[in-house]
Amino acid sequence: MNQNQLAVFCETRKDPIGIDNPAPRFSWHPDTSSVCREQESYRITVEKGRTCVWDSGEVHSRAATMVPYAGRAPESFTVYRFTVRSRLTDGSVWQGSGTFETGILRREEWQGDFLCYPAYEKRMSPVFLYRFSVEREVV
């Protein structure tokens, strides 16, 4: 079977760092403009180190954009490698791999305090005003 290259993305980016979505989404397309055939099925695998944490199995679908991860909960600050195999209607198989690194995924993992003016801690969007006067005409 002929293996061709897919361009693969996680959350619309190539090999992103700091993903904060616990169900990151994958997208792919043939790494060429000369392919005019439709996808028949796909398979996504995600690995942490040498351990497979999710295998979608072969999914008969034409979906190739923003397909959500459906494996066990990812860990914060971890690098994952994903591989997408796409079978087209002509029987050709296309494959591509990429990585994504998670950022902070759980609130309790935050360390430090948010910077905030104390009087506005309870407000969602504080506004800071400064009064001044202008001695010349403003154009």
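**Salt bridges in a predicted model**

A quick word on the model: it is predicted, so local features need pLDDT of at least 70 and side-chain atom pairs count only at pLDDT 80 or more, while totals for chains, interfaces and linings use all residues. Residues are numbered from 1 along each chain as its sequence is written, and side-chain values use heavy atoms, with hydrogens and water left out.

So what does Arg25 pair with in a salt bridge? Its partner is Glu11, with the closest N and O atoms 2.6 Å apart. By salt bridge I mean a side-chain nitrogen of Lys or Arg within 4 Å of a carboxyl oxygen of Asp or Glu, and the count by that rule is six.

Glu11 lies in the loop between β1 (3-10) and β2 (17-19) and Arg25 in strand β3 (residues 25-30), so this pair ties together parts 14 residues apart in sequence. Strands are DSSP runs of E, at least two residues, numbered from the N terminus. Is Glu11 buried or exposed? Glu11 counts as buried, at 14% relative accessibility.

Next, please look at Asp55 and Arg43, whose side chains meet in a salt bridge at 2.4 Å, N to O. Asp55 is in strand β5 (residues 51-55) and Arg43 in strand β4 (residues 39-48), 12 residues apart. Asp55 is partly exposed at 34% relative accessibility, and Arg43 is partly exposed at 37%.

Thanks, friends!

Conventions:
Helix = DSSP H or I, 4+ residues; strand = E, 2+ residues; numbered from the N terminus. Buried < 20%, exposed > 50% of the residue type's maximum accessible area, 1.4 Å probe, protein only.
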